[in-house]
Amino acid sequence: MAFPGSRPRRLRTSLAMRELVAETRLHTSNFVAPLFVKEGITSPQPIASLPGVVQHSLDSLEREVQELASLGVRGVILFGVPEKKDEIGSGAFDPQGIVQVALQRLSKTVGSEIVLMADLCVDEYTSHGHCGIVGKNGDVDNDSTLDVYAKIAVAQANAGAQVVAPSGMMDGQVGVIRSALDANGHSDVSIMAYSAKYASGLYGPFRDAVDVSIANGGNRKGYQQDFRNARESLVEVQADIDQGADIVMVKPALSYLDVISAVRAMTHLPIAAYHVSGEYAMVKAAAANGWIDHDTVALEQLTAIRRAGADIILTYFTRWFAENNG
Ligand code: PBG
């Protein structure tokens, strides 16, 4: 039956037409690969809950970054897994700490082809697994943690990081890090701030990847955001912008597309979104069971993150995307 009005299906009649009118496109250069480097190992170790992702040795890390660069990937973010942990996470700022050693090497070999980023936090390095210094009352003490973060920033920049990415959600962290970098001759080093980071159940596989468990069944609700709040993210993002963030991040990505979209409306800075370990693991697990199609769902999820307004996507799918869709 004929009817008056528009026919949106006209624009879906062929592959060529659909390509022509597509609003959102993914490109390999939108992606950043999170990579794990473990101290004291000589061959890469698989991570059971993150199929396809490994804990790298220094050698395998260098090969991986070189291969990613030749596939056209423009960014990697490093996470360290130290042999020894302590109360304050001193491996995070030790010049001989695993991430600093890795950065020194990578900056000499591939640093001009790919942006070297370092996650800036202490949770992988503390015996208690928290993202800061635990005070007398058992809470993470904001201001003494900032002193440690400043030292980490300088150590990472000295080792060759081009971007430092504070992920601990301490108040004032971006400003303190900016001042420390500037005072130590690193005014060109950028800050990608994990600005709106939620206390999420989706970080589980990551904690396997970095050998972290939070002491006494603890959690991060005292510093990461409550998932019932969206406006609060705009307060967090504005604070980071005021303190000098160059790139702001929303994390996790898929359960927070509303937050990405709201942040897009408030800033012209680049927005990064972290498609986190649990988001990746869910796709892998369901696909392995034959319940969903891996490639279709991976592309659908990554596209949704860009459609919501993210410029940069941190994802464990980076290599897969670059090899199959780039
Ligand atoms: C903190 C940090 C975490 C992740 C990135 N940086 C863990 C946490 O906050 O508990 C999680 C990333 C992921 O799940 O993929 N250093």
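This is a predicted model: local features need pLDDT of at least 70, side-chain atom pairs count only at pLDDT 80 or more; totals for chains, interfaces and linings use all residues.
**Entry 1: salt bridges**

I began with the charged side chains, bearing in mind that side chains of opposite charge can pair when their charged atoms come close.

**Entry 2: arginine 319 and glutamate 67**

I looked up the salt bridge between the side chains of arginine 319 and glutamate 67, where the N to O distance is 2.9 Å. I noted that arginine 319 belongs to helix H11 (residues 318-324) and glutamate 67 to helix H2 (residues 58-70), so that this pair links distant parts of the chain, 252 residues apart. Arginine 319 has a relative accessibility of 24% and therefore counts as partly exposed, and glutamate 67, at 34%, counts as partly exposed too. I also found that Glu67 and Arg319 belong to a network of salt bridges that includes Glu64 and Glu323.

**Entry 3: aspartate 246 and arginine 178**

Next I looked up aspartate 246, which forms a salt bridge with arginine 178, with 3.9 Å between the closest N and O atoms. Aspartate 246 sits in the loop between helix H7 (231-242) and strand E10 (247-251), while arginine 178 is in helix H5, so the pair ties together parts that are 68 residues apart in sequence. Is arginine 178 buried or exposed? I wrote it down as buried, because its relative accessibility is 14% and the cut-off for buried is under 20%.

**Entry 4: arginine 228 and aspartate 226**

I then turned to arginine 228 and aspartate 226, whose side chains meet in a salt bridge with an N to O distance of 2.7 Å. Arginine 228 is exposed, with a relative accessible area of 70%, whereas aspartate 226 counts as partly exposed at 29%.

**Entry 5: patches on the surface**

Which residues gather in a patch of negative charge on the surface? I listed Asp139, Asp141, Asp143, Asp147 and Asp171. Of these I followed up aspartate 171, which I found in the loop between strand E8 (163-166) and helix H5 (173-183), and which counts as exposed because its relative accessibility is 52%.

I also recorded a nonpolar patch on the surface, formed by Leu11, Leu20 and Val21, which together have about 290 Å² of accessible area. Leucine 20 has its place in helix H1 (residues 15-21), and its relative accessible area of 66% makes it exposed.

Conventions:
Residues are numbered from 1 along each chain as its sequence is written. Side-chain values use heavy atoms; hydrogens and water are left out. Patches are made of residues with over 30% relative accessible area and no salt bridge: like charges are joined within 9 Å, nonpolar side chains (Val, Leu, Ile, Met, Phe, Trp, Tyr) within 5 Å. Accessible areas come from the Shrake-Rupley method with a 1.4 Å probe; for residues, only the protein chains shown count as cover. A salt bridge is a side-chain nitrogen of Lys or Arg within 4 Å of a carboxyl oxygen of Asp or Glu. Lys and Arg count as positive and Asp and Glu as negative; His and the chain ends are not counted. The place of a charge is taken as NZ of Lys, CZ of Arg, CG of Asp or CD of Glu. Helices (H or I, at least four residues) and strands (E, at least two) are DSSP runs, numbered from the N terminus. Buried means under 20% relative accessible area, exposed over 50%, partly exposed in between (1.4 Å probe, protein chains only).
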